[in-house]
Amino acid sequence: MTGMEARDTQLGDTELKKELAATLHARRELGDDYESALVDSFLEKVDQRIDSVVDRRVRRQVAEQQMVVARGSRSPDKSSDTWGERYGFGVVSLVVAIPLSGIGGGVADLAGLFVTWAGIVGVNVAWALRNSPTLGRRRGKDRDSDWEE
């Protein structure tokens with residue numbers, strides 16, 4: 001529970017305690033005849049308080065989920081991809097490359113083989129850049145490599 005939620009809950013508890021005290025005081029003054037009406041009124045106020053707290057929490061969680069979606073569902077600090085996501089596309093493209101190489105080489109000889117493999121490499125580079133947007137950017141403008149300081 002955040003500080004704001006705790007403060008809201010404490011304020012709501014204080015209000016409910018005051019309402020309960022007022023209800024009990026009214027019951028003492030009015031007698032048993034009005035007890036069910038007083039209890040119903042108090043329970044309605046408790047229900048309203050619970051509904052407002054639940055609504056606030058749901059709105060907060062929905063807003064947090066929308067922020068995650070707006071940010072791209074991946075945190076910039078750590079990647080959540082698994083080995084299969086990372087290397088699976090490359091393995092599948094190499095398996096598919098075998099028949100494609102045969103078709104390209106059989107139809108257009110060496111030029112067809114070259115075009116086939118250029119396409120395979122291009123698709124894999126595009127996949128790698130899509131999954132790792134920092135892969136294609138230079139890290140420092142003044143440095144040529146990470147080894148230089």
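Is T116 buried or exposed in this predicted model? With a relative accessible area of 15%, T116 is buried, a class that requires under 20%, whereas exposed requires over 50% and partly exposed lies in between (1.4 Å probe, protein chains only). The model is predicted, so local features need pLDDT of at least 70 and side-chain atom pairs count only at pLDDT 80 or more, while totals for chains, interfaces and linings use all residues. Residues are numbered from 1 along each chain as its sequence is written, and side-chain values use heavy atoms, with hydrogens and water left out.

View 1. Helices are DSSP runs of H or I with at least four residues, numbered from the N terminus. When neighbours within four places in sequence are set aside, T116 is in contact (heavy atoms within 4.5 Å) with L100, S101 and G104.

**View 2. A nonpolar surface patch that includes W117.** The patch is formed by L94, L110, L113, W117, V121, V125 and L129, which together have about 630 Å² of accessible area, computed by the Shrake-Rupley method with a 1.4 Å probe and only the protein chains shown as cover. Patch residues have over 30% relative accessible area and no salt bridge, and nonpolar side chains (Val, Leu, Ile, Met, Phe, Trp, Tyr) are joined within 5 Å; a salt bridge is a Lys or Arg side-chain nitrogen within 4 Å of an Asp or Glu carboxyl oxygen. W117 lies in helix α3, residues 83-131, and counts as partly exposed at 35% relative accessibility.

**View 3. The 1 aromatic pair of the structure.** The rings of F89 and W127 are stacked, because their centres are 4.5 Å apart and their planes are at 15 degrees; rings of Phe, Tyr and Trp (its six-membered ring) pair with centres within 6.5 Å, and planes under 30 degrees apart count as stacked, over 60 as edge-to-face and the rest as tilted. F89 counts as partly exposed at 28% relative accessibility, and W127 counts as partly exposed at 26%.

Terms used:
Patch = residues over 30% accessible without salt bridge, like charges linked within 9 Å, V, L, I, M, F, W, Y side chains within 5 Å. Helix = DSSP H or I, 4+ residues; strand = E, 2+ residues; numbered from the N terminus.
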